[in-house]
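Have a go yourself before reading on.

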Amino acid sequence: MTTTPSYPPKPSPGDRVAVLSPSSGLPGLLPLPYELGLRRLREEYALEPVEYPATRTMGSTPRQRADDIHAAFAAPEIKAVIASIGGDDQITVVPLLDRELIRANPKPFFGTSDNTNLLAFLRETGIVGFHGASVMAELGRPGAMHPQTADSLRAALFTSGEYELRPAERWRDIDRDWADPATFDAEPETRPGTGWIWLNADRVAEGRTWGGCLEVLGWMLMAGRGVARDLSEYDGGVLFLETSEEMPSGEEVFRTLRNMGERGLLGRFSALLMGRPKTWFFDRPRTPVEAAAYAAEQREAVTRAMRAYAPEALVVFDVDLGHTDPQLVIPYGGLVRVDGPARRVTVTY
């Protein structure tokens, strides 16, 4: 049986934190956002980043990346572990991890996207992780970190207790070229926030979280990883999901959720937080009208699946988590309270 996850000790200003690439070694190809993220860790969070051997190595082996993870968790001077970026093959690293070594040295881990693999592994190991705040995408944001991202990360890093998530006042999902130095000369363009969309909001749900990037979860489910053998562990919990820059169609999203429903997983949760979908990427630069249509299509697909398999669940759409900006940190395996009547979401860091 999976151990109930507990919160690891938090770092303090002045502490050393590991910076790893458990998925892709993109810092070696795109150093500008990476170096900016490291600088902000030092200057804005007063943490000293410690880089590991495979962090800037594109094409590093799963064993090399597993070795970095082991070294970071085993080192007593390292007080937290932060992923540089995501990727698409972390699923090959997880089988190489020493569960007992990591369980004996619990530390906060921060990462999103493909790092869903490691976050789910940590939850099974009994450690609450943190879905959010990679070095390149969030800490390395052009201009400045989004204030809501920065505040959420600071609270998750240094504090314990409740923290209320709030809808973005301004947000964006259009990217600029990380290889171009001019990208970092100014703030990215943002648009006014539109709030969150609530379904079955006449109830309150509270429980431990499971979820992450939907595409990565689909891979994990096919490999038989990251899911408790006894699904009753998720009863009453809070599911959180988001989609990546691959921008799966509404039908793909529905089919993945349908498969989760057929497995008996979807109906276990009392609430779903659905992240605002990524609607623009370099290979598919949608207009605002096209982007809005894509987001509406995804909401319809999720609603259809939830009505079929979890009709009583409280659902909140367009939450500022995952592949969006601002990006709020979600405790993975930690407690979340979703208050429908009050329209409030509170996490416990």
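**Exercise 1: two packed helices**

Helix α8 (residues 250-262) and α9 pack with their axes 8 Å apart, at an angle of about 20 degrees. Work out how the pair is oriented and which residues meet.

*Solution.* A bit of housekeeping: this is a predicted model, where local features need pLDDT of at least 70, side-chain atom pairs count only at pLDDT 80 or more, and totals for chains, interfaces and linings use all residues. Residues are numbered from 1 along each chain as its sequence is written, and side-chain values use heavy atoms, with hydrogens and water left out.

Step 1. Helices are DSSP runs (H or I, at least four residues), as are strands (E, at least two), numbered from the N terminus. Axes are lines fitted to C-alpha atoms, for helices over the stretch in contact, and angles run from 0 to 180 degrees between N-to-C directions.

Step 2. Angles under 35 degrees count as roughly parallel, over 145 as roughly antiparallel, 65 to 115 as roughly perpendicular and the rest as oblique. So α8 and α9 are roughly parallel to each other.

Step 3. On contacts (heavy atoms within 4.5 Å), α8 brings G250, E251, V253, F254, L257, R258, G261 and E262, and these meet E297, Q298, A301, V302, R304, A305 and Y309 in α9. The contact residues divide into seven nonpolar, three polar and five charged. Here Ala, Val, Leu, Ile, Met, Phe, Trp, Tyr, Cys and Pro count as nonpolar, Asp, Glu, Lys and Arg as charged, and the others, Gly among them, as polar.

**Exercise 2: another pair**

Classify the packing of α4 and helix α7 (residues 214-223).

*Solution.* Step 1. Their axes lie 9 Å apart, at an angle of about 60 degrees. That makes α4 oblique to α7.

Step 1. T116, N117 and A120 in α4 meet V216, L217 and M220 in α7. By class, that contact has four nonpolar, two polar and no charged residues.

**Exercise 3: a cavity**

What lines the second largest cavity?

*Solution.* Step 1. A cavity is a set of points on a 1 Å grid over the protein atoms alone where a 1.4 Å probe fits but cannot get out; lining residues have an atom within 4 Å of a point.

Step 1. The lining is M274, G275, P277, A295, Q298, R299, V302, F317 and D318. Elements giving two or more residues to this lining are β12 (271-275), α9 (288-309) and β13 (314-319).

Step 2. α9 gives the most, with four residues. By class, the lining has five nonpolar, two polar and two charged residues.

Technical notes: 1 Å grid on protein atoms, 1.4 Å probe; cavity = no way out; pocket = protein on both sides within 12 Å on 5 of 7 lines; lining within 4 Å.
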